[in-house]
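Visitor: Please put the model up, and then take me through it with questions and answers.

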Amino acid sequence: MNIVVAVDWRDQSQSALQMIIDLYEPKELTLVHAVNLGPLESYPLAPLMDKEPYQEFENAKQRLMDETRQHLKQIAVRAQHDVPSVKQVCEAGGPVQVILDAIKSNATDLVVIGNRGLSQFAEFAMGSVSHLVLLHAACATLVVKGAQKTTQRVVVAVKGPDDAERIKTWLLAHPFKH
């Protein structure tokens with residue numbers, strides 16, 4: 001089973017990673033960390049800046065990318081104890097697009113993402129990466145909410161017989177570890 005796990009600096013992504021390792025025995029795990037540089041990515045005044053401030057700006061972007069790669073590497077080292085193959089993707093860009101691109105390029109069976117638990121208003125105002133990935137991913141999606149706990153029961157929403165058959169087929173093809 002090929003699984004993509006979206007990670008960031010928050011505890012929710014660590015919970016999502018641990019939960020998937022507890023639930024399944026993935027053959028391959030791809031850890032994806034998107035660095036959203038926002039206005040730093042295409043600074044409109046860069047051509048007008050003096051050389052020294054522009055260089056400081058470029059150095060700050062590079063330090064952020066280096067720190068993120070190091071963080072991702074630490075997570076990968078921990079995951080390698082349980083998974084035979086762990087890949088790392090660290091790219092600058094919007095998190096939703098970086099995650100969706102990783103799903104497409106890795107023949108992904110399942111994408112796992114943590115959820116911060118924003119209110120409906122906050123989700124509407126700020127957007128929700130987990131919600132957008134859930135809507136647009138071309139594979140099964142597991143959204144992990146809160147701290148990692150021992151899984152005792154799984155609830156699956158089913159909308160009609162066709163949906164039930166797809167879910168049954170998927171669960172039979174990808175059984176839980178325990």
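Guide: The expected span of a helix is 1.5 Å times one less than its number of residues. Helices (H or I, at least four residues) and strands (E, at least two) are DSSP runs, numbered from the N terminus. This is a predicted model, in which local features need pLDDT of at least 70 and side-chain atom pairs count only at pLDDT 80 or more, while totals for chains, interfaces and linings use all residues. Residues are numbered from 1 along each chain as its sequence is written, and side-chain values use heavy atoms, with hydrogens and water left out.

Visitor: How far apart are the end C-alpha atoms of α2?
Guide: Helix α2 covers residues 51-79. Its 29 residues, at 1.5 Å a residue, should span 42 Å. The separation of the end C-alpha atoms agrees with that: 42 Å.

Visitor: Which pattern does the chain follow along the sequence?
Guide: The chain holds six helices and five strands. Read along the sequence, they give β-α-β-α-β-α-β-α-α-β-α.

Visitor: What percentage of the residues of the chain count as buried?
Guide: Buried means under 20% relative accessible area, exposed means over 50%, and partly exposed lies in between (1.4 Å probe, protein chains only). The chain has 178 residues. The buried share of them is 35%.

Visitor: Among contacts between residues at least 6 apart in sequence, what percentage join residues at least 24 apart?
Guide: Contact means heavy atoms within 4.5 Å. Take the contacts between residues at least 6 apart in sequence. The share joining residues at least 24 apart is 77%.

Visitor: What do the buried residues of α2 pack against?
Guide: The buried residues of α2 include Phe-57, Met-65, Leu-72 and Ile-75. Lys-61 and His-71 are also among them. Their packing partners are α1, β2 and β3 (85-92).

Visitor: Which residues does Glu-91 touch, not counting residues up to four places away in sequence?
Guide: Glu-91 lies in strand β3. It counts as partly exposed because its relative accessibility is 37%. Its C-alpha atom is 9.1 Å from that of Arg-69, 22 residues away along the chain. The residues touched are His-33, Ala-34, Val-35, Met-65 and Val-98.

Visitor: Which residues form the aromatic cluster?
Guide: Rings of Phe, Tyr and Trp (its six-membered ring) pair if their centres lie within 6.5 Å; planes under 30 degrees apart count as stacked, over 60 as edge-to-face and the rest as tilted. The whole structure has two aromatic pairs. Tyr-24 and Trp-170 pair edge-to-face, at 6.3 Å centre to centre and 90 degrees between the planes, while Tyr-24 and Phe-176 make a tilted pair at 5.3 Å and 35 degrees. The cluster is Tyr-24, Trp-170 and Phe-176.

Visitor: Why does Tyr-24 count as buried?
Guide: Tyr-24 sits in the loop between α1 (11-23) and β2 (28-35). Trp-170 is partly exposed at 23% relative accessibility, and Phe-176 is partly exposed at 33%. Tyr-24 counts as buried because its relative accessibility is 5%.

Visitor: At what angle do α3 and α5 pack?
Guide: Axes are lines fitted to C-alpha atoms, for helices over the stretch in contact, and angles run from 0 to 180 degrees between N-to-C directions. Helix α3 spans residues 95-105 and α5 spans residues 129-136. Their axes are 9 Å apart. The packing angle is about 35 degrees.

Visitor: Which residues of α5 make this contact?
Guide: On α3, the contact uses Pro-95, Val-96, Ile-99 and Leu-100. On α5, it uses Val-129, Leu-132, Val-133 and His-136.

Visitor: What is phi of Ala-107 near?
Guide: Most residues other than glycine have a negative phi. Ala-107 lies in the loop between α3 and β4 (110-115). At 58% relative accessibility, it counts as exposed. Its phi is positive, near 45 degrees.
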